[in-house]
Amino acid sequence: MGSDSARNDLRERAEADGIEFFLAMFVDLHGKPCAKAIPFSSFDLLMDGGAGFAGYAAGDLGQSPADPDVLVVPDPASYTPLPWKPGVAVLHCDPHVEGKPWPYAPRVILKRQLAELADKRGWVFKTGTELEYSLLRRREDGSLEFADPHDTAAKPCYEVKGLTRMWDHLSTVSRHLNTLGWGNYANDHEDGTGQFENNWKYSDALTTADRTIFFRYMVHMLAHDAGMVATFMPKPFSTVTGNGLHIHQSLWTQDGTALFDDESDSLGLSPTARHYLGGLIEHGRAVAGIICPTVNSYKRIGVGAPTSGSTWAPAYVAYGGNNRTVMLRVPEGGRIEHRGVDGSANPYLAATALLAAGLDGIDREIDPGACTDDNLFALHSDEVRARGIKHLPKTLDRAVEELVADDVLRAALGKTSGGDFIDYYAAVKQAEFDEYHASVSDWEVRRYLTQA
C-alpha cells in the first residue's frame, strides 16, 4: 500500500540503517501505543497488507471480540529508527478493517480532518508540543519516590544542580532527538520536583502527533533501562506541579505563507488568528473533555500553588499575551499556545479538537474578547466572573457532558459504524469516571469515618 516510490525509499533507508525489525505501531483511544515486531524479511508482507491485530484486545478501538481483525497499514513517511536500540524502527500505522480506514482510530480521525483542511481551504495546520514528565523510582516495597533524592529545592525550576544530577538521562534524550533530526533546542528541570522537559521544533500536525507518541515511548523506555519510572500523568502527586502537554498552533498556506502573522497587531496576530483564538475560547470548556481526558486531569487544572514551585495549569478559559496564567498564551506573533492540554492527552484527538474549534472561530469570525493581562491565579473569583471569564470543567464527567453537546466537535470527530465517534468516546470516559467514583478514597475514610 502507498506509492511505489515511497515504499522503495523506505526499503532503501531501512537497509542503509541496518533495520532488522519494524514496530508497526498504532494507538487506541487513550493514546496507548500498541505494536507488533515485524522482521525486515517480511517487509513486502507488511507493506502489502499491514499487520493484523485483535482490535478488542488492543484497547478501546470500537471493537468487540466478534469483530474482524484490525490491519494496521504503515505510513512510510513516519519511519523512525530507535536511537537507543539499533536495528529497530517504528512505523506509525493507520488501522483498517475490511479494507477501509477504521473511523475509531485517532490517527485516522486527524488525517481525515487535515486532508479536508488541505482540500477545501488549501491550508496546513502546524503544531509544536511541550511535554512535561516526572522521573521516579520504585522502592523495594513498590511505593514511589523521586528518582533524584536530592531534588528538594523549594523552587526547582531551571535549578542547575537538579538539571546536572539527571544529566545522563537528559543529554541522552537530547542526542536522540537530534539524531532523529527533530531539532532539540532546550532541555530543563521544570517547576515540579523530579519534573523535566525536552523541546524540539514544530512541524505539521500529523508529524508532531506521531513524534509525541514516539517521544513518550522513548522516555518511558530510557527511564526503565536506567532503573527509573517516567510518568506523563497529569497530577501524580497532589502537592507537586502537574505535567502538561502544551500545544502551539498555527495555520499556513500550502506554499508556506504564515496565516497567523501580523506585525501591526498588538499581539502579532492576524485577523484570521484572532478569529481562531475566538473559536478556542468559544469551545474551551467542551474541548477539555478531549485535551484533559482522565479523572486525574482535573486534579491538575485550577488548583492552588503546590509545595514545589508554582501551579502553571490554567483554571479559566481566557487568553493573553506572554501570560502563563491563562489557558491560551500568545508568546510571540504568529502562534497560539494552548496550556490546558495535559500529559495524558491523545495528541491525534487533541489536534483534531483544537483545529475544529479554531476553524469554527474563523468561519464565524468569533471575537475572542479582551486580552487578559492579570495574574488569574491571584484574581478573586468574583472579579473573574464579573469579566465573563468561564471556569474550565472541574471533573471529567462534567467535561464529557459539555463535549457531547458541542456540534462542531461532534462533526470533526466523525461518524463510525455505531454512530458518532464522540458518543463512543464519551461512553468510555463516563465509564472511567464511574469506576473512579465508585472507589472509596483514603481521604473519605479519614474525613467521614467517625464524623457522624
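## Domains and their interface

Which domains does the domain assignment of the protein give? The assignment gives domain 1 (3-104) and domain 2 (113-447). The model is a predicted one.

Taken over C-alpha atoms, the centres of domain 1 and domain 2 are separated by 27 Å. Contacts between the two involve 23 residues of domain 1 and 27 residues of domain 2. About 2,000 Å² of area is buried between domain 1 and domain 2, and carbon and sulfur atoms give 71% of this area. On the domain 1 side, the residues that lose the most area to domain 2 are L29, W84 and Y104, which together make up 37% of what that side buries.

In soluble globular proteins, nonpolar side chains tend to be buried together. Here the largest nonpolar core has 119 residues, and F22, F125, L135, F214, F215, L251 and Y276 have the most contacts inside it. This core lies between domain 1 (3-104) and domain 2 (113-447), because both give residues to it. Another core, of 7 residues, lies apart from it and includes A318, V326, L376 and I389.

What is L251 in contact with, leaving aside its neighbours within four places in sequence? The contacts of L251 are L117, W123, V124, F125, T257, A258, L259, F260, Y276, L355, L359 and I362. F125 and Y276, both in this list, are also among the residues with the most contacts inside the largest core.

Helix α6 (residues 167-179) has 13 residues. From its first C-alpha to its last, α6 reaches 18 Å, close to the 18 Å expected at 1.5 Å a residue. Its buried residues are H169, L170, S171, V173, S174, H176 and L177. These buried residues pack against β8 (123-138), α5 (160-165), β10 (184-189), β11 (195-200) and α7 (205-225). Just after α6, G181 takes a positive phi of about 85°.

Why is helix α9 (residues 284-291) largely enclosed by the rest of the structure? Of its 8 residues, 7 are buried, so the rest of the structure largely encloses α9. The buried residues are G284, A286, V287, A288, G289, I290 and I291.

## H338

H338 is placed in strand β18 (residues 336-338). Its relative accessibility is 2%, so H338 counts as buried, the cut-off for buried being under 20%.

The side chain of H338 reaches the backbone nitrogen of G340 at 3.0 Å. Leaving aside neighbours within four places in sequence, H338 is in contact with H246, I247, Q249, I291, M327, L328 and L354. One of these contacts, I291, is a buried residue of α9.

Most residues other than glycine have a negative phi. E98 is not a glycine, yet has a positive phi of about 50°. E98 is placed in the loop between β6 (88-97) and β7 (100-101). Is E98 buried or exposed? At 68% relative accessibility, E98 counts as exposed.

E365, a residue other than glycine, has a positive phi near 50°. E365 is found in the loop between α10 (347-364) and α11 (381-386). With a relative accessibility of 58%, E365 counts as exposed.

Key. Residues are numbered from 1 along each chain as its sequence is written. This is a predicted model: local features need pLDDT of at least 70, side-chain atom pairs count only at pLDDT 80 or more; totals for chains, interfaces and linings use all residues. Side-chain values use heavy atoms; hydrogens and water are left out. Helices (H or I, at least four residues) and strands (E, at least two) are DSSP runs, numbered from the N terminus. The expected span of a helix is 1.5 Å times one less than its number of residues. Buried means under 20% relative accessible area, exposed over 50%, partly exposed in between (1.4 Å probe, protein chains only). Contact means heavy atoms within 4.5 Å. A nonpolar core is a set of buried Ala, Val, Leu, Ile, Met, Phe, Trp, Tyr and Cys residues joined through side-chain atoms within 4.5 Å. Domain bounds come from an automatic or database domain assignment. A polar contact is a pair of N or O atoms within 3.5 Å; within protein, one must be able to donate a hydrogen and the other to accept it, and residues adjacent in sequence count only if both atoms are side-chain atoms. Buried area is the accessible area (1.4 Å probe) that two parts lose on being put together, summed over both.
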